[in-house]
Amino acid sequence: MPTSLPEDFAIAPSSGRPLLFLWVILGAALLLPLLLTLNAHGSGRLGTASTGLGPALVLLTGAIVTAAYRRQRITLDTTGLTIRSTFYTRTAAISALKLEQARIVDLAEHTSLQPALRTNGYSLPGFKAGHFRMRGGSKVFCLVTDSSRVLVLPLRDGSTVLISPEHPHALLDALRQLAGAPGPA
């Protein structure tokens, strides 16, 4: 059994720059209407006070999405594995995991495991969180920050969990130890 439970496992750093991408898009969403408004008025004045409502909403949205992005945690305790990511949380009992089929993969090589359709999730370049469907149509819950080393955890209900712990082998070993399951042959 792992030495002290609950135990948090660090998340792998993102292979992209998701927050930079987000803020570039939001910056464009802020600047484009501002430039169009300035051009339309010709005088350089912005017009009414309601003009500030749009940028305020864009900034608020950006702040909320940034705060949600920072909510990432993988916790193992005696009852199971809990994955918290952005607006989503998934808990899987140890008995619900098919640890004999668990593996660590590079999603670029195992394209059938890639999250393909976002059903209720959050996606930025180099980051996926929440509920998706894989290419074959099966359900998958994701916290993927580094697609080159993803821990694939099939569940007995037919769904899958894809997560990117910084040390996937350590988490898989801890899960197997807690379950009393043997490691790979």
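Trainee: Which pattern does the chain follow, read along the sequence?

Mentor: The order is β-α-α-β-β-β-β-β-β-β-β-β-α. That gives 3 helices and 10 strands. Helices (H or I, at least four residues) and strands (E, at least two) are DSSP runs, numbered from the N terminus. This is a predicted model; local features need pLDDT of at least 70, side-chain atom pairs count only at pLDDT 80 or more, and totals for chains, interfaces and linings use all residues. Residues are numbered from 1 along each chain as its sequence is written, and side-chain values use heavy atoms, with hydrogens and water left out.

Trainee: What makes tyrosine 69 and phenylalanine 127 an aromatic pair, and why is it called edge-to-face?

Mentor: Rings of Phe, Tyr and Trp (its six-membered ring) pair if their centres lie within 6.5 Å; planes under 30 degrees apart count as stacked, over 60 as edge-to-face and the rest as tilted. By this rule there are 4 aromatic pairs. For tyrosine 69 and phenylalanine 127, the values are 4.7 Å centre to centre and 65° between the planes. So the two rings pair, and the pair is edge-to-face.

Trainee: Why does this pair tie together parts that are apart in sequence?

Mentor: Tyrosine 69 lies in helix 2 (residues 53-69), and phenylalanine 127 lies in strand 7 (residues 127-134), so the parts it ties together are 58 residues apart in sequence.

Trainee: Are tyrosine 69 and phenylalanine 127 buried or exposed?

Mentor: Both are buried. Buried means under 20% relative accessible area, exposed over 50%, partly exposed in between (1.4 Å probe, protein chains only). Of the chain's 185 residues, 37% count as buried.

Trainee: Which residues form the aromatic cluster?

Mentor: Tyr69, Phe87, Tyr88, Tyr122 and Phe127 form one cluster.
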